[in-house]
Amino acid sequence: MTESLTIRRPDDWHLHFRDDEMMRAVVPYTARQFARAIVMPNLSPPVTTAAAAAAYRDRILAAVPEGTDFTPLMTCYLTDATNAADLVQGHADGVFTAAKLYPANATTNSAHGVTDIANIESVLERMAEAGVPLCVHGEVTESEIDVFDREAVFIERILAPLVERLPELKVIFEHITTEDAVQFVDAAGDNVGATITPQHLHINRNAILVGGINPHAYCLPVAKREKHRLALRKAATSGSAKYFLGTDSAPHARGAKESSCGCAGIFNAPYALESYLTVFEEEGAIDRFEAFASENGPRFYGLALNETQVTLEKREITVEDEIDALGTPVVPFHAGETLRWVLR
Ligand code: DOR
Ligand code: ZN
């Protein structure tokens, strides 16, 4: 008999769908694996209003395959000029689930992000009052700060003071990559949670730089030293309710990655559950996978848990070298590797 694991259907608490053809190509991969997903607003131009988010949500829903039950949860891209009334009303109307803080120029399509957190202080106060969660890309952008230190410096300069100032604000420290972030989240109150990607559980910075530059292992925040990867694996599999699944799946055309200035982002949607479960198995924590994948996220956001279930079977699957995103080649995470679990 095949060994299998049946759990409550999971959600993805952080991902990028893009728009147009790419969006239509990638939505089915996520909708097959997850019931809901927090959709990042870093389109070009970014999703900054409730009206734009509602229209984007409709475009995503139109790309969900017939017969698949999937709900996109929309986010508002914060800028120096965010209209707090529109954001809070959009949240009350069920259009926005959260708002996203990109420090300006921290990553892909973040040029319109916040240039100084002081510029959105009144917006953050309104969010705290109205119960709108804040998703945070936690990296400083100062050129003199080493790229491998940007998350740790962000905690010290921006995040710790923010959480101190607004203890009522729900904060999701997204795609954490360091032991420093784990220590911060562990020590913070229940209003602070964190998502962890599959890639940061599987790879350290050697994957990007040893044996030649591998652009397909490059994302932001960039993977760090091995000790950080180990701290993340421990946090994800610890059973702590503060950590939950967020893939940060971020498709880019193969040519945009394999370029003299390769884009940041790893497309992990096709085998996300398989990838995470492999880690939980290696850590002897299969019994904690359901909480991480399907319970901690909705509880943190104050949303209902999914009622349906999914089953993963223990058998091998080799990941494709390339996926055809309606005419655009995209290299998936784990390309050419063999994973030990398969979503039924
Ligand atoms: O690697 C990343 N890719 N990190 C981000 O923060 C953005 C994302 C993207 O949109 O490609
Ligand atoms: Zn992201």
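This is a predicted model: local features need pLDDT of at least 70, side-chain atom pairs count only at pLDDT 80 or more; totals for chains, interfaces and linings use all residues.
Visitor: OK, back to β2. Which way do β2 and β3 run, parallel or antiparallel?
Guide: Parallel, with 2 bridges joining them. Leu-15 stands opposite Val-39 in β3. Helix α1 (residues 20–33) comes in too: together with β2 and β3 it makes a right-handed β-α-β unit.

Visitor: What about β3 and β4?
Guide: They pair in the parallel sense as well, over 4 bridges, with β4 spanning residues 71–77. Val-39 turns up again here, standing opposite Met-74 in β4. β3, helix α2 (residues 50–62) and β4 make a right-handed β-α-β unit.

Visitor: Which residues of β3 are buried?
Guide: Arg-36 and Ile-38 on one side, Ala-37 and Val-39 on the other, and all of them are buried. Both faces of β3 (residues 36–39) are covered. As background, side chains in a regular strand alternate between the two faces of the sheet.

Visitor: New topic. What's the strand order in the sheet with β10?
Guide: The order is β1-β10-β13, an open sheet of 3 strands with antiparallel pairing. β1 (4–8) and β13 (338–343) are the edge strands, each pairing on one side only. On average, neighbouring strands in this sheet are turned by 35 degrees against each other, direction ignored.

Visitor: How many bridges between β10 and β13?
Guide: 5 bridges, in the antiparallel sense, with β10 covering residues 309–318. Lys-314, for one, has Trp-341 in β13 as its bridge partner.

Visitor: Which helices lie across that sheet?
Guide: Helix α11 (residues 272–282) lies across β1, β10 and β13, at about 110 degrees to β13. Helix α12 (residues 289–301) lies across β1 and β10, running at about 30 degrees to β1.

Visitor: And the nonpolar core, which residues have the most contacts inside the largest one?
Guide: Phe-17 and Phe-289, in a core of 87 residues. Leaving out residues up to four places away in sequence, Phe-289 touches Leu-5, Ile-7, Leu-273, Tyr-276, Leu-277, Phe-280 and Leu-312. Another core, of 12 residues, lies apart from the largest one, and Leu-73, Phe-244, Phe-300 and Tyr-301 are among its members.

Visitor: Last one: where is Ala-235?
Guide: In helix α9 (residues 226–236). Ala-235 is buried, with a relative accessible area of 5%.

Visitor: What does Ala-235 touch?
Guide: Val-182, Ile-196 and Tyr-243, again not counting residues up to four places away in sequence.

Visitor: And how far apart are Ala-235 and Glu-316?
Guide: 26 Å in space, C-alpha to C-alpha, and 81 residues in sequence.

Technical notes:
Residues are numbered from 1 along each chain as its sequence is written. Chains are lettered from A and ligands numbered from 1 in the order in which they are written. Side-chain values use heavy atoms; hydrogens and water are left out. Two strands pair if DSSP finds at least two bridges between them. Axes are lines fitted to C-alpha atoms, for helices over the stretch in contact, and angles run from 0 to 180 degrees between N-to-C directions. Contact means heavy atoms within 4.5 Å. A nonpolar core is a set of buried Ala, Val, Leu, Ile, Met, Phe, Trp, Tyr and Cys residues joined through side-chain atoms within 4.5 Å. Buried means under 20% relative accessible area, exposed over 50%, partly exposed in between (1.4 Å probe, protein chains only). A crossover is right-handed if, with the strands pointing away from the viewer, the path from the first strand over the helix to the second runs clockwise.
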